[in-house]
Amino acid sequence: MHSEDLATALAKIRPHTNSKLPHQRKPAQLLVALESTLDQNASSSELSRPTSTAYFAALITTLEECILRNELSLEEGSTLAAILYLLATVGPFVPHTVLRTNLPKLYQLLPPLLPLALQDHAPPLRSLISLFGTITTAMDQSMVQSTLSTNSGSAPSSTSVAIRQTFSSLLELTLDPRPKVRKRAAEVVKEILGSPPSPFIIHPWSHLVANWSCAVIAQIAGIPVTGGKKGTGGGEEEGIDRMIHLLAFLRTVPHIFSASVEERPLTNGENQGTNLETMTRYLLAAPKLSNPYLTQASYQLLSALFTTEREEGEDDEEDENDAARRRAKAQNVLDTLIRSQPSKSDTQISPYWLSVVARATIAAHSSGHSIPRSSDALTRVWSMVWGYLDSTCPTTTVKAAADSLRVIAQSNCFSVSKGYGLEDDEGSSLIQSVVQLAEKSVGSLAYAGSIPEILGVLEVLVTSMSAQITRYREWAPTTMTLAKLHKTTKSSSPFLPLLHMAVNLRNSKDFQHKEQVNSLITALMRMIGVDGVLERIPLGILPQERSKSSTQANAYLLPLIPPSHFTPLSHFVNYFIPLSESLWNLAQDSEKEVEQKVYRVLMEQ
């Protein structure tokens, strides 16, 4: 497979021997010359085609000879640049065992060339970057560990030092002002971190990258952004650009700040502070740099960091102490986010801030079957985000607020044991606060333009809680039977006021969002059962029901009944079968064809 892929890669280079462009002509000419020598050796050894190892060995020999002759020019069309280009092309197809065997020689020959390429030779620099990436991903466990500081007191080998220094250079190149160089360096570092040597799950160098990124931002944070003075990073404009490049890179590798990276044995000179907490402090200070793009990038990275933390927290086997530490870190960041609340009219910052607040809330309060940290704290966060549903807010902000509330609603922040009132009252008060806020908002002119978003959020919250109630029976006490669970939800659900609110909206004249309110009613039926809904909201389709002035026809409820719900079979027998019979009799007795059709349709529903 390697030979076929290599043949395709080389076939793209070979035809350019007569190209007018030096950077195309020289690699092609060098390749043809090498293949001529390799073909002669192959004919004498009965090999039909040179292997990737043969190409690699020939190029290394050529590189050594070039360096010995002091031919170190990297201009377009130079031999050294052509060698590096071909090595970068052939390298990915060379077996890792061959690369590991030649590791000392490679790190003797290649690192000295890096300073030569840094200034005005971007193409050879990209070749070097690619080549270092190929070599590094081939390293095994012992080679990687030899580059890390230890307490053994033994001096690291020259190869280990060269590997560590080269990787540091690659990190700096992720901030290079040249887009192609910066992109290639970022891709290579991401590939290295994503290919840890066995048996590692996370690359041991991840914490090095986290430490480095924190140091870079700390340096940039010292640059004044007003006036003409320059800081340690080389000036405001240069510092801002470097930070933007850094944040763009870190969004591709957010796992380097995860708890599993932090919770490793400390090496010499390290402290107990976590890189996640340090990075979040710097990112939250980014808005003070008065650069809108930089502020957006900071919040985007924070969102990615908390997404990674949440994925780690979803492990069912997570130790309770580890979970408590993770939630405490998230709570500290959440408190800082709340203090940096942006204006509702800020269309640039508010959407990103809302997204980060949602993910930080989940990281701080999501608890599975355990007890949330504080219902009051969660209520405050929910109310704060809810405020951005105000109709006076820009459309993008309202949408972002609704998305953030849906994300929180779908999480385990509202748990069954403390969020539904099955075991105590604290969770019920939490839901009651949310419901009361919704009722107040629906009746408020300030939220009139956000009714669809409000109904969508409530539907997600009710649906999420219904799913949790279903799962509750799997771990609830054996005394909690299905009948008892249904009776509890039907009679004392804190969501019951939403049913009356939804029906009143649905029956309002000129109400325009019937699809959204129908979805909410269906979700409520799934939670409290069809019987729980019809006991409070009669269908009103029989003449004797319609004769009551207080009863309104609610036939639209029939098609809203979900396929699965908590309603016991006895309700169907005792309610719907007699209702069907009554409708049949009415259809038979009616003399009007229109009424007959109506009754038959209702009976079928």
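**Patches, helices and salt bridges in a predicted model**

Leu-569, Phe-572, Val-573 and Ile-577 make up a nonpolar surface patch, and together they have about 380 Å² of accessible area. The model is predicted.

Biologist: Which helix holds Val-573, and is Val-573 buried, partly exposed or exposed?

Modeller: Val-573 sits in helix H29, residues 569–589. Its relative accessible area is 42%. Buried would need under 20%, and exposed over 50%. So Val-573 counts as partly exposed.

Biologist: What is the mean pLDDT of the protein?

Modeller: Of the residues, 77% reach 70 or more. Residues 223–234 stay under 50, with 17 contacts beyond four places in sequence. Residues 418–425 also stay under 50, with 28 such contacts. The mean pLDDT of the protein is 80.

Biologist: How many helices does the protein have?

Modeller: The protein has 605 residues, and 49% of them are buried. The count of strands is 0. The count of helices is 30.

Biologist: What share of the contacts between residues at least 6 apart in sequence join residues at least 24 apart?

Modeller: A contact here means heavy atoms within 4.5 Å. Among the contacts at least 6 apart in sequence, the share joining residues at least 24 apart is 71%.

Biologist: How far apart are the end C-alpha atoms of helix H20?

Modeller: Helix H20 covers residues 395–410, which is 16 residues. At 1.5 Å a residue it should span 22 Å. The model agrees with that, as the end C-alpha atoms are 23 Å apart.

Biologist: Which residues does the salt-bridge network around Asp-403 and Arg-406 join?

Modeller: Arg-406 and Asp-403 form a salt bridge, with the closest N and O atoms 2.5 Å apart. Both lie in helix H20, 3 residues apart, about one turn of the helix. Salt bridges with shared partners make one network of Lys-399, Asp-403 and Arg-406.

Biologist: How many residues apart in sequence are the parts that Lys-105 and Glu-64 tie together?

Modeller: The closest N and O atoms of the Lys-105 and Glu-64 salt bridge are 3.9 Å apart. Lys-105 lies in helix H6 and Glu-64 in helix H3, so the pair ties together parts whose separation in sequence is 41 residues.

Biologist: Is Asn-70 buried or exposed?

Modeller: Asn-70 is in the loop between helix H3 (52–68) and helix H4 (79–90). Its phi is near 65°, positive in a residue other than glycine. Most residues other than glycine have a negative phi. At 58% relative accessibility, Asn-70 counts as exposed.

Biologist: What is the relative accessible area of Asp-510?

Modeller: Asp-510 lies in the loop between helix H25 (496–506) and helix H26 (514–528). Its phi is positive, about 65°, although Asp-510 is not a glycine. Asp-510 is exposed, and its relative accessible area is 66%.

Biologist: Which peptide bond is cis, with omega near 10°?

Modeller: Most peptide bonds are trans. The proline of this one, Pro-199, lies in the loop between helix H11 (179–193) and helix H12 (206–221). The cis bond runs from Ser-198 to Pro-199.

Note on methods: Residues are numbered from 1 along each chain as its sequence is written. This is a predicted model: local features need pLDDT of at least 70, side-chain atom pairs count only at pLDDT 80 or more; totals for chains, interfaces and linings use all residues. Side-chain values use heavy atoms; hydrogens and water are left out. Patches are made of residues with over 30% relative accessible area and no salt bridge: like charges are joined within 9 Å, nonpolar side chains (Val, Leu, Ile, Met, Phe, Trp, Tyr) within 5 Å. Accessible areas come from the Shrake-Rupley method with a 1.4 Å probe; for residues, only the protein chains shown count as cover. A salt bridge is a side-chain nitrogen of Lys or Arg within 4 Å of a carboxyl oxygen of Asp or Glu. Helices (H or I, at least four residues) and strands (E, at least two) are DSSP runs, numbered from the N terminus. Buried means under 20% relative accessible area, exposed over 50%, partly exposed in between (1.4 Å probe, protein chains only). pLDDT is the predictor's confidence in each residue, from 0 to 100. The expected span of a helix is 1.5 Å times one less than its number of residues.
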